[in-house]
Amino acid sequence: MEYDHDGAIEDAREPLMPDNSSREEGSGSQCSSNNTGTAWMVYLSTFVAVAGSFEVGSCSGYSSPTQNAIREDLSLSIAEYSLFGSILTVGAMIGAITSGPIADYIGRKGAMRFSSTSCAAGWLAIYFAKGALALDIGRLATGYGMGALSFVVPVFIAEIAPKNLRGTLTAVTQLMVATGVSVAFIIGTVLRWRVLALTGLIPCVILHVGLFLIPESPRWLAKRGREKEFETTLQKLRGRAADISYEAIEIKDYIETLERLPKAKLLDLFQRRNLHSVLIGVGLMVLQQFGGINAICFYASSIFEVAGFSPSVGTIIYAILQVVVVALNTTIIDKVGRKPLLLVSASGLVIACLITGLSFYLTVHELALKSAPMLAVTGILLFIGTFSAGMGPIPWVIMSEIFPLNIKGVSGSLATLVNWFCAWTVSFTFNFLMSWSSYGTFILYAVINAMTIAFVALLVPETKGRTLEQIQAAIR
């Protein structure tokens, strides 16, 4: 069934929008949403939700600064610690599979609460661990919560934010992930590993307490038929003085259309009406990971060391650069748009991979040995800078925007699962590829990032300045 944006919705608009200028500007809440004074509840809700994103970063960054101390204190072998580190991704994949249905069944707030509880239990298991088994159980639990939060937080923010703020606020999730990783690495050089595990509880507490202060997603409430709560929540998010009638009609009419469709199953994702959205959401996740981000992360310290940089100082610079660039990204994403940033980012990644590949080529063939290390450092910093400017945060923003509401749970889970699986695949294959050819590995990543440019140019729509309902109408 097609969504008749110019038919059913347009009929409902006429009494509210008497002339063409008001239609262009938007009405009701859309105009009011431009007044930041009325958006305080949206900002508060975002602040609470991105505590979950910070938790994702804390989970990801925990193992790097603690490896030697944990192995020494608990007498772990390299294999045992490797299992401890990698089982996080296994938990994240399980979290990705289940997060969508959970978020659809108990709500976005309920899913965030459940996920952060899993993280908190995992951190406590790690803190009290006396051996490898307890460590692995704790790491698996934090991984589960991390995988679930990486899906539900951007979805929640996209569903509560007005269209003029949605890109910026959703991009904050990746800023907080990057910040969480950086903080874990930096304070992990000072704190003992058990104390560092306790710091992972802080964002969980903030999220749990904050969820009592913020409303549920109005779109989820409308989908569940809780109309009175839906209107009250939407009014609270848009401000007491805002006219929400336009936005409320658009949301309800869109959901009524979706309700006529059968309940979404995995195979429904591959039906013609959903295929374009799924291809975009999943395709961006595949290209994001196969472009080499985890390989760069994995090899950064070694490259800094070869280049004569202090590995710890180089990694801290790397972490700070990532946070700064993602922060800048959040200020321009709703002005420049998603698609231009993706294209610029992917182009920068191609150049960065070629520079890094050239440095390895020169080293292997013993050419310009004095220049090769600086080329490697330049390539790594350019890679992380351009990745953070687009291909890092924006696929998650688009994932939260692109899927129809009736399949958002299933499709979002699939996209998140694919992302974590591809992350594991790249990490697992990197050493094999480097053994085959160090410079060939980065040329391969450059080719994949070039494919990203073509994918974005041909298939990815611009979602800036559109409501979620308008995005679906444009795709269909």
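Trainee: Hi! What volume does the second largest cavity have?

Mentor: The second largest cavity has a volume of about 40 Å³. This is a predicted model, where local features need pLDDT of at least 70, side-chain atom pairs count only at pLDDT 80 or more, and totals for chains, interfaces and linings use all residues. Residues are numbered from 1 along each chain as its sequence is written, and side-chain values use heavy atoms, with hydrogens and water left out.

Trainee: What counts as a cavity?

Mentor: On a 1 Å grid over the protein atoms alone, a cavity is a set of points where a 1.4 Å probe fits but cannot get out; lining residues have an atom within 4 Å of a point. Grid points are joined across faces, edges and corners, and the volume is the space filled by probe spheres set on the points.

Trainee: And how many cavities of 30 Å³ or more are there?

Mentor: The count comes to two. Of the 10 residues lining the second largest cavity, the closest to its centre are Ala161, Lys163, Arg166, Arg219 and Thr467.

Trainee: New topic: which residues have the most contacts inside the largest nonpolar core?

Mentor: Those are Tyr62, Ile70, Met112 and Leu135, in a core of 105 residues. Helix α6 gives the most to this core, with 13 residues. A nonpolar core is a set of buried Ala, Val, Leu, Ile, Met, Phe, Trp, Tyr and Cys residues joined through side-chain atoms within 4.5 Å. Buried means under 20% relative accessible area, exposed over 50%, and partly exposed in between, with a 1.4 Å probe and protein chains only. Helices are DSSP runs (H or I, at least four residues), numbered from the N terminus.

Trainee: What does Leu135 touch?

Mentor: Not counting residues up to four places away in sequence, Leu135 touches Ile70, Leu74, Leu76, Phe84, Ile126, Ala129 and Trp193. Contact here means heavy atoms within 4.5 Å.

Trainee: Which aromatic cluster includes Tyr62?

Mentor: Tyr62, Phe84 and Trp123 form one aromatic cluster. Rings of Phe, Tyr and Trp (its six-membered ring) pair if their centres lie within 6.5 Å; planes under 30 degrees apart count as stacked, over 60 as edge-to-face and the rest as tilted. There are eight aromatic pairs. In one of them, Tyr62 and Trp123 sit edge-to-face, 5.2 Å centre to centre with 70 degrees between the planes. That pair links distant parts of the chain, with Tyr62 in the loop between α4 and α5 and Trp123 in helix α6, 61 residues apart.

Trainee: Are those two buried or exposed?

Mentor: Tyr62 and Trp123 are both buried.

Trainee: Why is the pair of Phe383 and Phe387 stacked?

Mentor: Their ring centres are 6.3 Å apart and their planes are at 10 degrees, so the pair is stacked. Phe383 and Phe387 both lie in helix α18, four residues apart, which is about one turn of the helix.

Trainee: What about Ala184, where is its place?

Mentor: Ala184 is in helix α8, residues 163-188. Ala184 counts as buried because its relative accessibility is 7%. Leaving aside neighbours within four places in sequence, Ala184 is in contact with Ser58, Gly61, Tyr62, Pro65 and Leu196.

Trainee: Last one: why does Ser75 count as exposed?

Mentor: Ser75 is exposed because its relative accessible area is 62%. Ser75 is in the loop between α5 and α6, and has a positive phi of about 55 degrees although it is not a glycine.

Conventions
On a 1 Å grid over the protein atoms alone, a cavity is a set of points where a 1.4 Å probe fits but cannot get out, and a pocket is an open set with protein on both sides within 12 Å along at least five of seven lines; lining residues have an atom within 4 Å of a point. Helices (H or I, at least four residues) and strands (E, at least two) are DSSP runs, numbered from the N terminus.
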